[in-house]
Amino acid sequence: MQMSSRMKNILTPIIAVLLGVLVGTIIMIASGYNAITAYQALWNGAFGDIYFIGEVIRQTIPYILAGLAVAFAFKTGLFNIGVEGQLLMGWVAAIWVGVSFDLPKIIHLPLAVLAAGVAGALWAFIPGYLKARFRVHEVIVTIMLNHTALYITNQIIRSVLSDGKERTDMIADSASLRSVFLEGITDYSRMHWGITIAIICAIIMWFILEKTTTGFELRAVGFNEHASQYAGMNVKRNIILSMVISGIFAGLAGAMEGLGTFGYMAVKGGFTGVGFDGIAVALLGGNTAIGVVLAALLFGGLKVGALNMPLEAGVPNELVDIIIALIIIFVASSYIIRWFIDRVSKKGVK
Amino acid sequence: MEYVIEMLNIRKEFSGFVANDNITLQLKKGEIHALLGENGAGKSTLMNVLFGLYQPEKGEIKVKGETVKITDPNVANDLGIGMVHQHFMLVDTFTVTENIILGKETTKGGVIDIKTAEDEVRKISERYGLAVDPQAKISNISVGMQQRVEILKTLYRGADILIFDEPTAVLTPQEIKELIQIFKTLIKEGKSIILITHKLKEIMEVCDRVTVIRKGKGIGTVNVNETNPTDLASLMVGRDVEFKTEKIDATPGVEVLEIENLKVKDSRGVQAIKGLNLSLRAGEILGIAGVDGNGQTELIEAITGLRKAESGSVKINRKNVLNLPPRKVTETGLGHIPQDRHKHGLVLNYTIGENMVLQTYYQKPFSKSGVMNFKKIYDKARNLISEFDVRTPSEYTLARALSGGNQQKAIIGREIDRNPDILIAAQPTRGLDVGAIEFIHKRLIEQRDQGKAVLLVSFELDEIMNVSDRIAVIYEGEIVAIVDPKETTEQELGLLMAGSKKKEAGEDANV
C-alpha cells in the first residue's frame, strides 16, 4: 500500500516527537533519573490539573502567533528569523498604548492590539523592502533587527515608558486581555482572551494563503519569482507584503504577552525565545495553520509541564529543553524520517 | 566476443508504474548505437540502470560477456562506462581541470597536483580532438565546451563506453557538427557510444544501429542503413507521423506588431539589441532564425515587458507598450510561450490546474472580490487538458510531475486559450519528441489560419523552415535579412546566421 503524501506529512512530525522522547529517555536513564516518573511529572505538570491546562493554553497563545508568522513567510518563500524582534516591537507598542490612554475598553483594547500589529509590520517591512529593492537576504537583516529591537525596546522602557526604571507600569484595565471568566474556570491560571485572537489569526492565515487571489500570488512568488513576473505579478510588492503580514502575526504575539500574560514590559537581558521557538513550531506544524496550532499546543505543554519536573521527579528542567531541542532536530531532519517511511511502506508491498 | 554491453530483458518499476518492461539493448564494440524513444518512454531510466543509479527488478547486464551487478555509478566507472548527462554536472567556479579530476584527484604528498592533472587533460584532449583550455573557468566557457569537459571527465576515468543523454539539445548547429566529429574520433580510438536522442536526423547521420523503445517497452533494434526517418518515427510513436506540417499559404492582414529602432542591454550591460526593426502582420508566422545568444532572449523579454529597453518602440495594435509592466503588455493581446518553461512558463510546485490560470487567475470567474474560485479554475483546467491533450493523472497533479512535452502543451493551451492577437513562441519544441512537435506546429499554424500573428523564435533550422511564412535572420542584435522559406536553403540561412550578409538582403532588411 502506497502511503499518501498527506499521511506522510502527518506521520513525520509525530515520529519526530516520539524519537525526541525516546532519546530523551535514554539521556535521562544515562544520567540516573527515573524516566517514567519524569514523564509522569511532565504530563501532570501540563494536563494533570485544570490550572495547568489553563497555563498551557496561555503559553500556547504566543507560540501560535509566532509560529504563524514564520509559517506565513515560509510559505511565500521567505525565512523570517526576525519574529523575535517583531514580537518585542509589538509588545512595547501594545504596552505604550495600554499605559498612555484611558479609553473605553471597546476602543482601547483593539487599539492596543492594532498598535502591536502595526509595530510588528513596520519592523518586518524593513527586511522586506531591502530584499525587494536591493536583494539583501532577509535572514541577515532580520537577525540584526532582532538585536536592534531588543535594545530599542529596553531603551523605550527606561526612558519613555518609565523614569529610568526596569519595568513599565501596569496597563489600564481597559487595554487588558485578562479574563475573569477564563481565569475562573481554570482555577486562577493566567489564561486570557488572546486564545481567540490566535485561533482567528490561524484561520486568517489559512484563508489568505489558500483562498485569496493575494495568497495565490504570494505563494507563486515564493515558488518561482521568474514565472510570477512572467505572469504579470508584482514580485517586489509581494515580497514586502509577505514580510509585513508575517510581521503582523509576530507583533500580535507580543501583544499577547504584554496585554494578556504580563500586563507590563520589563527590561530584558536577552530574547524571550518565543520568536525562535516559533520557527520550530512552524517547522513541526508543516507550515500549515492547523499544524501550527497543534505544534504550539505541544510546545506550550512541554514548556509548562517542564516546570513540574524538578518538583515532582527531581529532573532538572534543562532536560526538557534538551528534549525540545531533540524534537526540533528530528523534525528538521524530517527527510530522513520520510525516507524511512518510504522504505517501510515499500517493504509492505512485497 | 561481439558485444561490449548487453542489457537483457530489463524491467524496472517505480511503485506500481513500469518504466522499463522487458527491454534488450546490445552494444557492439566500436559502434554508435542510438536509443530512440518519446519523452517519458523510459530511455533515461534504462541508462540510469546501466549507470548504476537504479537497480532493475528483472534482467541481466553483461559487460564484455561477463554478467555484472552495477550497484552504483562507481561500479559503472570501474567497468569503463561513462555518462555525459544532458544537464551538465560541473562546478561553475572551478577550472576545467579541477572539474575533470574532481573525485579522482592526483595528489602529491596529500596536496592536489594540478600540474600533472593539467598535462594529462591536455594529452587526452589532443588525442580525441576535444579542444579545451584546461585552465579556463567553467563559467567563462561556452556550452559546447562545457560538454567537451563532460566528455573529458569520462575519458579521464578510463571509460570505453560512453553514454550521451540528448547531447545536441543545448548545442548550436555549428557545435553539433563539431560534436559529430568528436563522435567519429572516439570510435576511431576504440570507444563505443550509446546516444540517447529523439532527433531522427542525427540518428540517420551518425549512428550504426538504433534500439527503439515506446512506453517502456522494447520495440526492437534496426540497422540505420536499412531504415529511414519515417519508419523510425512511426516505430517510436506507434503511428504515422508527418514531418512537414501541411499548411495553406498565408494571407497576411494588418500589421499588429511593429518594432522600431529597439535597443536593449543584456544582464551584463552589453548592448544585445542594437536598433532592431521588425514588423509582424496578422495571419502570418514570422520565424526568427539565429544562433543562440544573438539577442533573441533580450528581444522577446523587451517585447513582453520582462526586460527594460533602452530606447525605441514596440507597438502592439498601434499602441506603444515599450517598458510597460508585463501584465499591461499581456492584456493588450499578447500570448507568450516562454523559452524556458521551468523558469518562466510554470510554477512547478503549483498544480497543473493552477498553472492553467497563471495569466488569468485575477480575472472573473476565477477570482471574485479577491477570493479564488477553485471550482471554476479546475473546470477550466479540465477543458484545456482534454482540448490540448495534456497527459496528466489529474488536474490536481503538480506541474513538476509532468513530462516536458505535456508541460509544454499545458503552457500552449493556456496561452492560446486567452485568444491573443499575437503569439510569441520561443523555442516551443525544445527537447520534445516528434509526436509533440507535430502537435505544437499544427497548433501554431492553426492560430495563423485564424488570423493571429505568430512570432516564432527557434534555433532549429528545420522548425523555422517548416513552419514560418517569412524568416527574419537575427545576428548580433540586428535583423540582417528577411527571406522567404520557399526560396531559401538551409545553407543560405546558415551563412546569414553566421553573419555573412546576403548582398541585397542587408538593404531591404528594414521592412
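The largest cavity of this predicted model is lined by Tyr230(A) together with Thr304(B), Leu306(B), Pro326(B), Thr330(B), Leu334(B), His336(B), Gln359(B) and Arg418(B). A cavity is here a set of points, on a 1 Å grid over the protein atoms alone, where a 1.4 Å probe fits but cannot get out, and lining residues have an atom within 4 Å of a point. The volume of the largest cavity is about 60 Å³, where a volume is the space filled by probe spheres set on the points, and grid points are joined across faces, edges and corners. Helix 10 (326-331) and strand 18 (334-337) of chain B each contribute at least two residues to this lining. Helices (H or I, at least four residues) and strands (E, at least two) are DSSP runs, numbered from the N terminus. By class, the lining of the largest cavity holds 4 nonpolar, 4 polar and 1 charged residues. In this scheme Ala, Val, Leu, Ile, Met, Phe, Trp, Tyr, Cys and Pro count as nonpolar, Asp, Glu, Lys and Arg as charged, and the others, Gly among them, as polar.

Residues are numbered from 1 along each chain as its sequence is written, and chains are lettered from A and ligands numbered from 1 in the order in which they are written. Local features need pLDDT of at least 70, side-chain atom pairs count only at pLDDT 80 or more, and totals for chains, interfaces and linings use all residues, while side-chain values use heavy atoms, with hydrogens and water left out.

The structure contains 2 cavities of 30 Å³ or more. Helix 5 (143-156) and helix 6 (173-188) of chain B each provide at least two of the lining residues, and helix 6 of chain B gives the largest share, 4 residues. The lining of the second largest cavity comprises 3 nonpolar, 2 polar and 3 charged residues.

Open space was also examined. A pocket is an open set of points with protein on both sides within 12 Å along at least five of seven lines. The second largest pocket has a volume of about 2200 Å³. It is lined by 48 residues, of which Asn9(A), Lys75(A), Gly285(A), Gly286(A) and Thr288(A) are the closest to its centre. Helix 1 (residues 5-30) of chain A gives the most to this lining, with 9 residues. Of the lining residues of the second largest pocket, 27 are nonpolar, 14 polar and 7 charged.

The contact between the chains (heavy atoms within 4.5 Å) involves 27 residues from chain B and 20 residues from chain A. Together the two chains bury about 2100 Å², 59% of it on carbon and sulfur atoms; buried area is the accessible area (1.4 Å probe) that two parts lose on being put together, summed over both. One salt bridge, defined as a side-chain nitrogen of Lys or Arg within 4 Å of a carboxyl oxygen of Asp or Glu, crosses this interface. This salt bridge joins Glu354(B) to Arg219(A), with the closest N and O atoms 3.6 Å apart. On the side of chain B that touches chain A, two or more residues come from each of helix 10, helix 11 (341-345), strand 20 (371-372) and helix 14 (404-417) of chain B. Helix 11 of chain B gives the most to that side, with 4 residues. By class, the side of chain B that touches chain A has 13 nonpolar, 9 polar and 5 charged residues.

Over all chains, 44 salt bridges are found. One of them pairs Lys64(B) with Asp160(B), whose closest N and O atoms are 3.6 Å apart. Lys64(B) lies in the loop between strand 4 (58-63) and strand 5 (66-68) of chain B and Asp160(B) in the loop between helix 5 and strand 9 (161-165) of chain B, so the pair ties together parts that are 96 residues apart in sequence.

Backbone geometry was considered last. Most residues other than glycine have a negative phi, and most peptide bonds are trans. Lys64(B), however, has a positive phi, near 50 degrees. The peptide bond from Lys364(B) to Pro365(B) is cis, with omega near 5 degrees, and Pro365(B) is located in the loop between helix 12 (352-356) and strand 19 (367-368) of chain B.
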